[in-house]
Amino acid sequence: MELHVADHPLIRHKVTVLRDKNTPSPTFRLLVDELVTLLSYEATRNVRVEQREVETPLTTTVGTQLAHPAPLIVPILRAGLGMLDGMTRVLPIAEVGFLGLMRDEQTLETITYANRLPERLDGRQVFILDPMLATGGSLVSAINYVLERGATDVTCVCLLAAPEGIEHVKQSVGERADVSVVVACVDEKLNEVGYIVPGLGDAGDRLYGLV
C-alpha cells in the first residue's frame with residue numbers, strides 16, 4: 001500500500017476550517033467539495049490514459065485522453081456522498097457505484113447495508129471515497145469488496161487518517177493489489193471510542209446533520 005499526504009497550503013487551510021466545531025454544515029459541505037477537488041488531482045496522477053489523434057486548426061497532432069474502461073468512483077455512504085461532486089468534477093467520464101457501510105459503535109466492526117457495484121471490475125481503476133480513515137474497518141471492507149470483483153488498481157481518497165487506520169489497511173491489503181491512499185492530513189491517534197484526534201468530529205453528521 002502506498003500513502004500520499006497532499007501537503008499544500010490551500011489544503012491545510014481548508015482542513016483547519018473543517019476542524020473548527022463552529023463551522024456550519026453549509027460551509028463544511030462546500031469546503032469538503034473544494035478539498036476533494038484538490039485531492040483528486042493527486043489521486044488521479046496515475047489514471048490510465050491512451051493516445052488520440054486530433055486535428056487542431058493548423059495541423060494534426062497526437063494527444064492524450066482517458067483510457068477505457070472508464071474509472072469507477074465508489075463513495076462509502078453516507079459521508080462519502082459529500083465527496084462525490086469534488087471527485088466527478090475532475091473525472092466527469094467516471095461511472096459511480098455506491099457502497100453502504102456503517103460502524104457498530106460498540107464493537108467497531110463494519111456492517112454492510114447497501115451495495116450498488118458492477119459484478120466484475122476487471123481492468124477498472126477504482127476510486128473509493130471515505131472522509132475519515134479511523135480504525136480502517138470501513139475502508140478495508142470496501143477495498144475487499146472491489147478486489148473480490150476483480151479490481152487490481154484501487155485508490156482511496158480520505159480527508160483525514162489516523163496512524164492506526166493506515167496500518168490496518170496496509171496489513172489487510174498486503175501484496176494482493178496496487179492500493180494507494182491519498183489524504184489531506186495524518187492526525188495524531190484514535191481515542192478510546194475510535195474517533196480521530198484531533199480530527200473534525202463525525203464527518204457524516206457535520207455534512208448532513210444528526211439523524
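Reader: Which strands and helix each supply at least two residues of the lining of the second largest pocket?

Author: This is a predicted model. Strand E1 (2–5), helix H2 (25–43), strand E8 (125–129), strand E10 (153–161) and strand E11 (178–186) each supply at least two residues of that lining.

Reader: What is the volume of the second largest pocket, and which residues that line the pocket are closest to its centre?

Author: Its volume is about 270 Å³. The lining has 15 residues, and those closest to the centre are Glu2, Glu42, Ala43, Asn46 and Ser180.

Reader: How many residues of each class does the lining of the second largest pocket have?

Author: Five are nonpolar, five polar and five charged.

Reader: Helix H2 supplies part of that lining. At what angle do H1 and H2 pack?

Author: Helix H1 (residues 9–19) packs with H2 at about 155°, and the two axes are 10 Å apart. Angles over 145 degrees count as roughly antiparallel, so H1 is roughly antiparallel to H2. Their crossing is left-handed.

Reader: Which residues make the contact of H1 and H2?

Author: From H1 come Leu10, Ile11, Lys14, Val15, Val17 and Leu18, and from H2 come Phe28, Leu31, Val32, Glu34, Leu35, Leu38 and Leu39. By class, that contact has eleven nonpolar residues, two charged and no polar ones.

Reader: Which residues of H4 meet which of H5?

Author: On the H4 side they are Gly137, Leu139, Val140 and Ile143, which meet His168, Val169, Ser172 and Val173 in H5. The classes in the contact of H4 with H5 are five nonpolar, three polar and no charged residues.

Reader: Last, the backbone. Are most peptide bonds cis or trans?

Author: Most peptide bonds are trans. In this model the bond from Leu77 to Arg78 is cis, with omega near 0°. Another cis bond runs from Val197 to Pro198, with omega near 5°.

Reader: Where are Arg78 and Pro198 placed?

Author: Arg78 is in the loop between strand E4 (72–77) and helix H3 (84–90). Pro198 is in the loop between strand E13 (196–197) and helix H6 (203–208).

Definitions and conventions:
Residues are numbered from 1 along each chain as its sequence is written. This is a predicted model: local features need pLDDT of at least 70, side-chain atom pairs count only at pLDDT 80 or more; totals for chains, interfaces and linings use all residues. Side-chain values use heavy atoms; hydrogens and water are left out. Contact means heavy atoms within 4.5 Å. Helices (H or I, at least four residues) and strands (E, at least two) are DSSP runs, numbered from the N terminus. Ala, Val, Leu, Ile, Met, Phe, Trp, Tyr, Cys and Pro count as nonpolar, Asp, Glu, Lys and Arg as charged, and the others, Gly among them, as polar. On a 1 Å grid over the protein atoms alone, a cavity is a set of points where a 1.4 Å probe fits but cannot get out, and a pocket is an open set with protein on both sides within 12 Å along at least five of seven lines; lining residues have an atom within 4 Å of a point. Grid points are joined across faces, edges and corners, and a volume is the space filled by probe spheres set on the points. Axes are lines fitted to C-alpha atoms, for helices over the stretch in contact, and angles run from 0 to 180 degrees between N-to-C directions. Angles under 35 degrees count as roughly parallel, over 145 as roughly antiparallel, 65 to 115 as roughly perpendicular and the rest as oblique. A crossing is left-handed if the near helix is turned anticlockwise from the far one by less than a right angle, and right-handed if clockwise.
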